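My notes follow in the order in which I looked.

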Amino acid sequence: MIIGVPKEIKNNENRVSLTPGGALELIRRGHRVLVQHDAGRNSGLPDEIYEKQGCEILPTIEDVYKNAEMIIKVKEPIEQEYDLIQPNQLVFTYFHFASHEPLTKAMIKSDAICLAYETVKDSKGGLPLLIPMSEVAGRMSIQAGASYLEMPHKGRGILLGGVPGVQPAHVLILGGGVVGTQAAKMAAGLGAKVTILDINLDRLRYLADILPANVTTLYSNEYNIRNLVKSHDLIIGAVLIPGAKAPNLVTRDMLKTMRPGAVLVDVAVDQGGCIETCKPTTHADPTFVIDDIVHYCVANMPGAVPYTSTVALTNATLPFAIQLAEKGWKKACTENAALKEGLNVVNGKVVYKAVANAFDLEYSNVDDVLA
Ligand SMILES: NC(=O)c1ccc[n+]([C@@H]2O[C@H](COP(=O)([O-])OP(=O)(O)OC[C@H]3O[C@@H](n4cnc5c(N)ncnc54)[C@H](O)[C@@H]3O)[C@@H](O)[C@H]2O)c1
């Protein structure tokens with residue numbers, strides 16, 4: 001198979017979808033890997049390293065899209081890329097369709113096969129291609145939050161861990177999945193007082209077992225959230241309903257009840273956000289202030305630490321990319337139930353129910369497109 005690795009062009013996205021080591025694994029199996037010039041440069045991976053493994057370096061993004069059967073990317077295609085995608089081309093990347101109607105419609109129109117990293121699901125219900133980026137974003141959310149709590153960044157001027165004789169900051173984490181757990185570990189490690197909420201009681205039991213004593217677990221409901229936001233300095237949005245828009249857990253009216261200078265970090269912003277007033281921001285301009293509350297809503301947080309993120313992502317995607325290259329998407333998805341879950345849009349048909357529901361589009365059964 002001919003595999004294309006374009007350079008990411010979304011604002012401040014510095015990751016690349018395949019490391020030279022990953023490319024070598026594909027080339028060893030007889031596949032061709034086309035890498036756009038400088039695709040890996042911002043992850044510390046110059047063209048020469050790819051060339052040494054046998055990759056072909058192409059000068060432009062158009063060359064890569066025109067010649068590849070499978071495109072492996074990191075972020076969802078942005079508007080400039082819509083028309084580059086070819087009919088029947090397999091595009092393997094994060095899409096987050098349910099929060100982006102124009103992208104969904106453009107991919108339906110493209111007649112391509114869109115396999116979304118974020119909905120690939122293993123037999124235990126885990127999301128193996130979301131986990132590594134969630135680990136990165138969860139850890140980063142506390143670093144970012146701690147920094148924006150500083151007064152020069154419009155925060156309320158509280159040090160996350162306090163000092164002897166002074167109260168530490170109070171951190172509220174909405175959602176105790178991968179992002180939430182990593183955030184809780186980081187915040188607790190820095191000495192903050194942490195409260196973590198989830199609707200899954202088994203998950204709360206697990207978190208109560210593994211997290212340190214400065215973390216309290218609580219059931220997530222509107223009553224608890226409404227009370228807790230008043231006394232917390234840093235709030236992390238980390239909920240996920242797979243393939244669907246996140247629910248608004250912190251509503252606009254709650255902001256007025258919060259401490260001025262408190263910080264909201266909505267990590268779930270890529271799925272529409274779980275804080276009503278959040279709208280996506282970029283690393284170039286990551287925050288805005290509403291009612292004296294600092295909002296940080298960067299949709300591609302791991303893009304700021306491209307070395308860690310590129311390696312973590314490709315560790316997880318490569319085994320799937322190899323199967324797709326070896327067998328083609330139909331056979332690979334038929335034989336691997338986890339990959340099949342990743343199919344969202346196939347030759348103009350929406351085959352993922354939550355995406356169809358999000359925009360009132362016609363839903364087609366995935367088994368029909370695999371037949
Ligand atoms: N902004 C970024 O750069 C970035 C990076 C990685 C992940 N993310 C996003 O972060 C979000 C969380 O990802 P994850 O990997 O931790 O997901 P996850 O599935 O591991 O965890 C989500 C948790 O939310 C809980 N939940 C669902 N509804 C809830 C509610 N009403 N109240 C409290 N908890 C609730 C679930 O029970 C689950 O434990 C996703 O939207 C993901 O796309 C964003």
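**Notebook: helices, sheets and ligand shell**

I began with α7, which lies across β7 (170-174), β8, β9 and β10 and runs at about 170° to β8. I keep in mind throughout that this is a predicted model.

Next I looked up the sheet that these strands belong to, and I found an open sheet of seven strands in the order β9-β8-β7-β10-β11-β13-β12, with mixed pairing. Its edge strands are β9 (215-219) and β12 (287-290), each of which pairs on one side only. I also noted that neighbouring strands of this sheet are turned by 20° against each other on average, when direction is ignored.

I turned to the way the helices pack on each other. As a reminder to myself, two packed helices are described by the angle between their axes and the distance between the axes.

For α6 and α7 I wrote down an angle of about 35° and axes 7 Å apart, with a right-handed crossing. Their contact includes I131, S134 and A137 from α6, and V178, G180 and A183 from α7. By class, the residues of this contact divide into eight nonpolar, six polar and two charged.

For α6 and α11 (306-327), the axes come within 8 Å and cross at roughly 155°, which means that α6 is roughly antiparallel to α11. The residues that make this contact are I131, P132, M133, E135 and V136 of α6 and T308, S309, A312, L313, N315 and A316 of α11, and I counted them by class as seven nonpolar, three polar and one charged.

α11 also packs with α1 (20-28), at an angle of about 20° and with the axes 10 Å apart, so α1 is roughly parallel to α11. Here α1 passes α11 in a right-handed crossing. G22, E25 and L26 of α1 meet T314, L318, A321, I322 and A325 of α11, and by class this contact has five nonpolar, two polar and one charged residues.

Then I looked at the other sheet in my notes, an open one of eight strands in the order β3-β2-β1-β4-β5-β6-β14-β15, again with mixed pairing. I asked myself why one side of β3 and of β15 is left without a neighbour in the sheet. The reason is that β3 (56-58) and β15 (349-350) stand at the edges, each with a single partner strand. Within this sheet, β1 (2-5) and β4 (70-72) pair in the parallel sense over two bridges, and G4 stands opposite I71 in β4.

Last, I asked which residues are the closest to the ligand. The shell holds 33 residues, and the closest are S134, A137, G175, G177 and S220. The elements that give two or more residues to this shell are α6 (131-148), α7 (178-189) and β8 (193-198). By class, I recorded 21 nonpolar, nine polar and three charged residues around the ligand.

Key
Residues are numbered from 1 along each chain as its sequence is written. This is a predicted model: local features need pLDDT of at least 70, side-chain atom pairs count only at pLDDT 80 or more; totals for chains, interfaces and linings use all residues. A residue is near a molecule or strand if its C-beta atom, placed from the backbone, lies within 6 Å of it. Helices (H or I, at least four residues) and strands (E, at least two) are DSSP runs, numbered from the N terminus. Ala, Val, Leu, Ile, Met, Phe, Trp, Tyr, Cys and Pro count as nonpolar, Asp, Glu, Lys and Arg as charged, and the others, Gly among them, as polar. Two strands pair if DSSP finds at least two bridges between them. Axes are lines fitted to C-alpha atoms, for helices over the stretch in contact, and angles run from 0 to 180 degrees between N-to-C directions. Angles under 35 degrees count as roughly parallel, over 145 as roughly antiparallel, 65 to 115 as roughly perpendicular and the rest as oblique. A crossing is left-handed if the near helix is turned anticlockwise from the far one by less than a right angle, and right-handed if clockwise. Two residues are in contact if their C-beta atoms, placed from the backbone, lie within 7 Å.
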